[in-house]
Amino acid sequence: SEGMGTYLDHAASTPMRAEAIEAMTPYLDAMYANPSGSHRFAREARKALDEARDLVAATLGCKPGEVVFTSGGTEGDNHAILGAVRRLGGVAVCPAAEHHAVLHCVEHVNGVVVRVNSVGTVDLDDLQRVLEEATDEQLITVVSVMAVNNEVGSITPMRDVARIVRKYAPNAILHTDAVQAACWVDLREITPLVDALSLSAHKFGGPKGVGVMVIKTGKNLEPLIFGGGQERDRRSGTHNVSGIIATAKALEVTDQTRAEETERVTKLRDRLVDEIRAQVDGVLETVPREHRVPGVAHLCFSGLENEALLFLLDQADVYASAASACASGAMEPSHVLEAMGIERSWSNGALRLSLGHTTTDAEIDLAVSAIVSAVNQLRR
């Protein structure tokens, strides 16, 4: 991050890993053939694609044939919900704090939105109630629950979710948006629990515009995109070969370094929060540390507007965010914080600081001093 200031917005997008850039480069210039072709040049591209698929499957704990390459997390989330409802009819269910790529889909197909608890994960009792009360006429066909919340970083107990869904809606497709989980959670612990899973490459050091979806064998979703029948007819369109190769490499490196990065980043994050809290009053740590991933520090400052805070931080070359990166223009109150029941007086001053594989001690020092001085300036 040299010359870039202090980048604390890894949950929005991570810097690409050097290994991923190196792996993809040959497929941008020398090896440009379409992997669906039949000549030798095409077969070379195809072989690289197959190797990337094998690598991803090994990292996720699924079969290579269950891996579908997509354009990103949004497509995977849309595919799970729209693909299930279009194929099977019935009702889609998700919690209120999901990323809009899930939530807006569920609302679009007139699905059911379940409550969340104070840490922003699904209220298991409410989920069970909704599934139990479903009738044969209103069969629940897809349940989508994120593994890690993109805004506040809370970790969903996926085992409990799976147990409830399997018991009370045994025919439903269980999907998880694991976009924010990849850096911090061994996905081999999540994949076996679900029928479908979505990832986005740029959240773990891969390129933007590439994603991975797992669709378990025998789970039939209606395709969103029709055409040449690539990805076993599940997702047509010429493969983004270089992007897919970079994604596989980034996922592999993420997996190999996860344990040490978790330890390193937890220390940085705790120091960031502790030093801010030691120097300014009226700071709420939105989710207790034991409930969330190392990479997210979500704080609410009383008596502040986060728009003004972000402006001052930007001037100090500290890059953070208020909520999910997908909203633009006017700051809407966060649907996640609203669903968690956090009062407007706190949520108006919400700040998400997200850390990753390039975050350094020096960045934390700079961030603390910039945040403390910005908060003091605004409160004066």
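Helix packing and a bent helix

In this predicted model, helix 7 packs against helix 11 (residues 361-379) at an angle of about 25°, and their axes lie 10 Å apart. Angles under 35 degrees count as roughly parallel, so helix 7 is roughly parallel to helix 11. The crossing of these two helices is right-handed.

On the side of helix 7, the contact is made by Leu268, Arg271, Leu272, Glu275, Ile276 and Gln279. Helix 11 contributes Asp361, Ile364, Asp365, Ala367, Val368, Ile371 and Val372. Sorted by class, the contact of helix 7 with helix 11 has eight nonpolar, one polar and four charged residues. An α-helix has 3.6 residues a turn, so residues three or four places apart point the same way.

Helix 7 itself covers residues 241-279. A straight helix of 39 residues would span 57 Å at 1.5 Å a residue, but helix 7 spans only 49 Å between its end C-alpha atoms. Where does helix 7 bend? The bend is at Arg258, and its angle is about 65°.

A second pair is formed by helix 3 (residues 73-88) and helix 4 (residues 100-108), which pack at an angle of about 30° with their axes 9 Å apart. Helix 3 and helix 4 are therefore roughly parallel to each other. Their crossing is right-handed.

In this second contact, helix 3 supplies Thr74, Asp77, Asn78, Ile81 and Leu82, while helix 4 supplies Ala101, Val102, Cys105, Val106 and His108. The classes in the contact of helix 3 with helix 4 are six nonpolar, three polar and one charged residues.

How values were computed. Residues are numbered from 1 along each chain as its sequence is written. This is a predicted model: local features need pLDDT of at least 70, side-chain atom pairs count only at pLDDT 80 or more; totals for chains, interfaces and linings use all residues. Side-chain values use heavy atoms; hydrogens and water are left out. Helices (H or I, at least four residues) and strands (E, at least two) are DSSP runs, numbered from the N terminus. The expected span of a helix is 1.5 Å times one less than its number of residues. The bend at a residue is the angle between axes fitted to the seven residues ending there and the seven starting there. Axes are lines fitted to C-alpha atoms, for helices over the stretch in contact, and angles run from 0 to 180 degrees between N-to-C directions. Angles under 35 degrees count as roughly parallel, over 145 as roughly antiparallel, 65 to 115 as roughly perpendicular and the rest as oblique. A crossing is left-handed if the near helix is turned anticlockwise from the far one by less than a right angle, and right-handed if clockwise. Contact means heavy atoms within 4.5 Å. Ala, Val, Leu, Ile, Met, Phe, Trp, Tyr, Cys and Pro count as nonpolar, Asp, Glu, Lys and Arg as charged, and the others, Gly among them, as polar.
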